[in-house]
Amino acid sequence: MLGENLNETRKLKGFTAQQMADILNINLRSYRKYESNDCLPPIPTLIKIADLFDVSLDYLTGRSVNQK
């Protein structure tokens, strides 16, 4: 669920995967692993993504359908 929400929200907010990797100071391959559910981002990274997208952690992780 997290990967799908990351991918969908990233696109809705107008970011490319490369831009996200650059913002998070990671390589593109690492970011792609988050979106494909091959690995989970560390909590501080997840918080940074939620803040950037202006959504709740619950939304990103699939615990809520509401973005806030």
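Helices here are DSSP runs of H or I with at least four residues, numbered from the N terminus. The model is a predicted one, in which local features need pLDDT of at least 70 and side-chain atom pairs count only at pLDDT 80 or more, while totals for chains, interfaces and linings use all residues. Residues are numbered from 1 along each chain as its sequence is written, and side-chain values use heavy atoms, with hydrogens and water left out.

Two packed helices are described by the angle between their axes and the distance between the axes. For α1 (residues 2-12) and α4 (residues 43-53), the axes come within 11 Å of each other and cross at roughly 35°. These axes are lines fitted to C-alpha atoms over the stretch in contact, with angles running from 0 to 180 degrees between N-to-C directions. On the α1 side, Leu2, Leu6, Thr9 and Arg10 take part, and they meet Leu46, Ile49 and Phe53 of α4; contact means heavy atoms within 4.5 Å.

Next come the aromatic rings. Rings of Phe, Tyr and Trp (its six-membered ring) pair if their centres lie within 6.5 Å; planes under 30 degrees apart count as stacked, over 60 as edge-to-face and the rest as tilted. Searching the whole structure turns up two such pairs. In one of them, phenylalanine 15 and phenylalanine 53 have ring centres 6.0 Å apart and planes at 45°, so this pair is tilted. Phenylalanine 15 sits in the loop between α1 and α2 and phenylalanine 53 in helix α4, so the pair ties together parts 38 residues apart in sequence. How accessible are the two? Buried means under 20% relative accessible area, exposed over 50%, and partly exposed in between (1.4 Å probe, protein chains only). Phenylalanine 53 is buried because its relative accessibility is 0%, whereas phenylalanine 15, at 21%, counts as partly exposed.

Tyrosine 31 and tyrosine 34 have ring centres 6.1 Å apart and planes at 75°, so that pair is edge-to-face. Because they are three residues apart in helix α3, about one helical turn separates tyrosine 31 and tyrosine 34. Leaving out residues up to four places away in sequence, tyrosine 31 touches Leu6, Arg10, Ala17, Met20, Ala21, Leu24, Ile26 and Phe53.

Asparagine 5 counts as buried because its relative accessibility is 9%, while leucine 12, at 60%, counts as exposed.

Conventions. Helix = DSSP H or I, 4+ residues; strand = E, 2+ residues; numbered from the N terminus.
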